[in-house]
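Here are my notes for your first look at this one. Have the sequence and the 3D view open while you read.

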Amino acid sequence: MISPGTIDMPANQPTWTPERLELLKSRFEAGLSCRQIAADIGVSRNAVIGKLSRLNLKRENSGEAPRPARKRAAKGPRPKSLPRLQYQMLRTLYAEPQPEIEEAPILNEHRCSLLELSEERCRWPISTPGAVDFCFCGNTPLEGLPYCAGHTRLAYRPGSRLRVGRG
């Protein structure tokens with residue numbers, strides 16, 4: 001379906017035919033806007049702007065004073081960017097004293113293979129994947145997390161993102 005104001009042209013014909021160039025120049029000289037010219041000729045507004053630029057056609061101010069520069073509305077300081085605000089929130093959060101975390105040793109009594117792994121088992125890998133002794137922790141995970149209490153301490157260390165960001 002062809003939108004109003006466009007000309008149905010086969011793909012192998014050039015966009016800027018001599019007739020279209022004459023229409024472009026005459027309408028430009030008549031003072032029509034690029035949007036109006038585009039609608040009349042049947043091309044996009046950006047196509048008109050690009051062609052006018054390549055033809056070095058510019059609007060003359062015909063003796064008028066140059067437009068005054070736009071004044072920005074008096075506003076307070078600009079809000080900080082979202083990543084910067086997130087960084088400050090995290091920094092504040094981690095700067096607060098953290099509750100003492102129990103440093104109990106991690107028991108590996110329930111080790112399991114990949115085939116035995118399930119939602120009810122800690123998914124912390126033990127050893128190197130592909131090694132003969134490779135397995136998973138297998139302890140009972142904390143609710144909503146993939147790891148047991150001991151491995152959650154290792155995986156989600158407060159301030160670890162800040163250390164990575166500085167390094």
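Where is the place of Asn-56? Look in the loop between H3 and helix H4 (82–95).

1. Asn-56. This residue has a positive phi of about 55° although it is not a glycine. Asn-56 is exposed, because its relative accessibility is 60%. For the labels in these notes, buried means under 20% relative accessible area, exposed means over 50%, and partly exposed is in between (1.4 Å probe, protein chains only).

2. What you are looking at. This is a predicted model, where local features need pLDDT of at least 70 and side-chain atom pairs count only at pLDDT 80 or more, while totals for chains, interfaces and linings use all residues. Residues are numbered from 1 along each chain as its sequence is written, and side-chain values use heavy atoms, with hydrogens and water left out.

3. Confidence. The score here is pLDDT, the predictor's confidence in each residue, from 0 to 100. The chain has a mean pLDDT of 79, with 70% of its residues at 70 or more.

4. Overall layout. There are six helices and two strands in the chain. Starting from the N terminus, the order of elements is α-α-α-α-β-β-α-α. Both kinds of element are DSSP runs numbered from the N terminus: helices are H or I with at least four residues, strands are E with at least two. Of the 167 residues in the chain, 19% are buried.

5. H1 against H2. The axes of these two helices come within 10 Å and cross at roughly 150°. That makes H1 roughly antiparallel to H2. On the terms: axes are lines fitted to C-alpha atoms, for helices over the stretch in contact, and angles run from 0 to 180 degrees between N-to-C directions. Angles under 35 degrees count as roughly parallel, over 145 as roughly antiparallel, 65 to 115 as roughly perpendicular, and the rest as oblique.

6. Asp-40 pairs with Arg-27 in a salt bridge, and their closest N and O atoms are 3.0 Å apart. This links distant parts of the chain, with Asp-40 in helix H2 (residues 34–41) and Arg-27 in helix H1 (residues 18–29), 13 residues apart. Both ends are partly exposed: Asp-40 has 43% relative accessibility, and Arg-27 has a relative accessible area of 23%.

7. The salt-bridge count. The rule asks for a side-chain nitrogen of Lys or Arg within 4 Å of a carboxyl oxygen of Asp or Glu, and the count comes to two. Arg-123 and Glu-119 also meet this way, at 3.6 Å, N to O. Here Arg-123 is partly exposed at 31%, whereas Glu-119 is exposed at 60%.

8. Cysteines. How many disulfides are there? The count is zero, a disulfide being a pair of cysteine sulfur atoms within 2.5 Å. For Cys-137, the closest cysteine sulfur is in Cys-122 at 3.8 Å, so the two are too far apart for a bond. For Cys-135, the closest one is in Cys-112, at 7.3 Å, again too far for a bond. Cys-137 is buried at 0% relative accessibility, and Cys-135 is buried too, at 9%.

9. Ser-127. Another residue to check is Ser-127, which has a positive phi of about 80° although it is not a glycine. Ser-127 sits in the loop between strand S1 (125–126) and strand S2 (135–136). Its relative accessibility of 36% counts as partly exposed.

10. Arg-45 and Arg-35. These two are 10 residues apart in sequence, with their C-alpha atoms 5.3 Å apart in space. Arg-45 belongs to helix H3 and is partly exposed, with a relative accessible area of 41%.
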